[in-house]
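Subject: Handover of a structure model

Dear colleague,

Please find below the structure that I am handing over to you. My findings follow directly after it, and I would be grateful if you read them with the coordinates open.

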Amino acid sequence: GGRQNGIMTNYAGGLNFNTDYDGGKSKAGGSYFYNRIEQNVINSLNRVNFLPADPANNLPARSYDFNQDSRTLSTGDNHRVNLTIDHNIDSANSLKLTATATLAQNTQQVNSQSQTFNVDKTLKNKSSRETYNKGQNYSINSNLLWRHKFEKKGRTLSTNFTLNASRNTSDGNQYSTNDFYGTVNTEKIIDQSNNQLSSNQTAGVNFSYTEPLGGRKYLEAGYNYRVNRNEVDREVFNRMNGLQEKDLLLSNQYTSNYTYNRPSLNFRLIRQK
């Protein structure tokens, strides 16, 4: 990952279990993990910009300054649960279930002030900005595998079911004042809020059949089917003169659906080195 700045505080813990059942023929296991990260960053920036001499306008080499102070407070809470069950139904059939669920919550608050000065050290512009964002993410990934062994050695049939889903929500606001100084002094205020919802669901099934041809040769036939739905809804609002209006340039909404089909046929030959 990238370099972490500021003061970081991290809390973490978890537990797990594993067990055999059905006379030791089957097993199950799982785990839970939690961690929390808190980050406190204070930045102070003082920059000097040097300009070359401009003989055409009779200007010597000169410089102007930019100063900025900011503070960022971030928190993140993460929960993760894993489950695995490997169950032998009988000597020819078995089921294996694996599932992972996660929940993540985060917040971020940023306060910053900046100033830019002219060459003669008079104030050119200044800015003050406050932003706050919070988000939440849910996700689940699951897989169920059924395996069947026929009486003929090497002949197998397996079916794999998958279901994955995620949901992300976030909302935030930004308030900033920007003052510009010159012949005419002007002030621009940005008072903006936003919220976003995105979700994704994927479901699929995969069939695989293996037929032994003798002499370490196998014929494999398979079919994979998958459907996917993705949805995004982002709304941005600007508040002006006490009224809130939707920003159509920054807002976005769409839904996409995909269907995936793939049959396959493979010939496999196993040789010793």
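The largest pocket of this predicted model has 13 residues in its lining, and those nearest its centre are A92, N93, S94, R147 and K149. The space in the largest pocket comes to about 180 Å³. Sorted by class, its lining consists of seven polar, four charged and two nonpolar residues.

As for the overall fold, the protein chain contains ten strands and zero helices. Its pattern along the sequence is accordingly written β-β-β-β-β-β-β-β-β-β. The protein chain is more spread out than a compact globule, because its radius of gyration is 30 Å, well over the 19 Å that the globule rule gives for 273 residues. Along the principal axes, the C-alpha atoms occupy a box of roughly 95 × 50 × 45 Å.

Strand 1 (residues 7-21) is paired with strand 2 (residues 26-51) in the antiparallel sense, with 15 bridges between them. Within this pairing, M8 has Q39 of strand 2 opposite it. The hairpin of strand 1 and strand 2 has four residues between the strands, and D22 adopts a positive phi near 60° there. Strand 2 is in turn joined to strand 3 by 25 bridges, and these two strands also run antiparallel. Here N43 stands opposite S70 of strand 3.

Further along, strand 6 and strand 7 (residues 186-214) run antiparallel and are joined by 25 bridges. L163 faces A203 of strand 7 as its opposite residue, and the hairpin that joins strand 6 to strand 7 passes through five residues. Strand 7 then pairs with strand 8 over 22 bridges, again in the antiparallel sense. G214 and K217, the latter in strand 8, stand opposite each other. Two residues lie between the strands in the hairpin of strand 7 and strand 8, where G215 takes a positive phi near 65°.

Strand 8 (residues 217-240) also runs antiparallel to strand 9 (residues 243-246), to which four bridges join it. M240 has L243 in strand 9 as its bridge partner. This hairpin, too, has two residues between its strands, and N241 takes a positive phi near 55° in it.

Which side chains make polar contacts with the side chain of N238? One is that of Q192, at 2.8 Å, and another is that of D247, at 2.9 Å. Leaving aside residues up to four places away in sequence, N238 touches D191, Q192, L243, Q244, E245 and D247. L243, which N238 touches, is also the bridge partner of M240.

With kind regards

Definitions and conventions: Residues are numbered from 1 along each chain as its sequence is written. This is a predicted model: local features need pLDDT of at least 70, side-chain atom pairs count only at pLDDT 80 or more; totals for chains, interfaces and linings use all residues. Side-chain values use heavy atoms; hydrogens and water are left out. Two strands pair if DSSP finds at least two bridges between them. A polar contact is a pair of N or O atoms within 3.5 Å; within protein, one must be able to donate a hydrogen and the other to accept it, and residues adjacent in sequence count only if both atoms are side-chain atoms. Contact means heavy atoms within 4.5 Å. On a 1 Å grid over the protein atoms alone, a cavity is a set of points where a 1.4 Å probe fits but cannot get out, and a pocket is an open set with protein on both sides within 12 Å along at least five of seven lines; lining residues have an atom within 4 Å of a point. Grid points are joined across faces, edges and corners, and a volume is the space filled by probe spheres set on the points. Ala, Val, Leu, Ile, Met, Phe, Trp, Tyr, Cys and Pro count as nonpolar, Asp, Glu, Lys and Arg as charged, and the others, Gly among them, as polar. The radius of gyration is taken over C-alpha atoms; the globule rule is 2.2 Å times the number of residues to the power 0.38.
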